[in-house]
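Here is a short briefing to read alongside the structure. Have the model open as you go through the points.

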Amino acid sequence: MANDTNRPLTLTLAVADINQILEALGKLPYARVFQLIGRIQQQAAAQLSAAEPEAPGSGAGDRPPRV
């Protein structure tokens, strides 16, 4: 089998699962995981904002969603 380590995969996980993964990654050295954490947060934020339209006056747009 060819080396597929850079091939993108699509996973379906609950927000709680993603938060658990991020918590575990947070225990590793920053330099080793910060880019991965950033990619996870970016993709999750895009999906969450697309799934839940912002209510007017809610202030939800003032902060990124917790993922």
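At 11% relative accessibility, Leu22 counts as buried, since the cut-off for buried is under 20%. Please keep in mind that this is a predicted model.

- Helix α1 covers residues 15–25 and is part of what covers the buried residues of α2.

**How α1 and α2 meet**
- The axes of the two helices, α1 and α2, come within 11 Å and cross at roughly 160°.
- Angles over 145 degrees count as roughly antiparallel, so that is how α1 and α2 run relative to each other.
- The crossing of α1 and α2 is left-handed.
- On the α1 side, the contact is made by Val15, Ile18, Ile21, Leu22 and Leu25.
- On the α2 side, Val33, Leu36, Ile37, Ile40, Gln41 and Leu48 take part.

**Helix α2 itself**
- Helix α2 has 22 residues, and its first and last C-alpha atoms are 30 Å apart, close to the 32 Å expected at 1.5 Å a residue.
- Its buried residues are Val33, Ile37, Ile40 and Ala44.
- An α-helix has 3.6 residues a turn, so residues three or four places apart point the same way.

**The aromatic pair**
- How many aromatic pairs does a search of the whole structure find? There is one.
- This pair is formed by Tyr30 and Phe34, whose rings are stacked, with 5.0 Å centre to centre and 15° between the planes.
- Is Tyr30 buried or exposed? Tyr30 counts as exposed because its relative accessibility is 62%, and the cut-off is over 50%.
- Phe34, with a relative accessible area of 37%, is partly exposed.

Conventions:
Residues are numbered from 1 along each chain as its sequence is written. This is a predicted model: local features need pLDDT of at least 70, side-chain atom pairs count only at pLDDT 80 or more; totals for chains, interfaces and linings use all residues. Side-chain values use heavy atoms; hydrogens and water are left out. Rings of Phe, Tyr and Trp (its six-membered ring) pair if their centres lie within 6.5 Å; planes under 30 degrees apart count as stacked, over 60 as edge-to-face and the rest as tilted. Buried means under 20% relative accessible area, exposed over 50%, partly exposed in between (1.4 Å probe, protein chains only). Helices (H or I, at least four residues) and strands (E, at least two) are DSSP runs, numbered from the N terminus. The expected span of a helix is 1.5 Å times one less than its number of residues. Contact means heavy atoms within 4.5 Å. Axes are lines fitted to C-alpha atoms, for helices over the stretch in contact, and angles run from 0 to 180 degrees between N-to-C directions. Angles under 35 degrees count as roughly parallel, over 145 as roughly antiparallel, 65 to 115 as roughly perpendicular and the rest as oblique. A crossing is left-handed if the near helix is turned anticlockwise from the far one by less than a right angle, and right-handed if clockwise.
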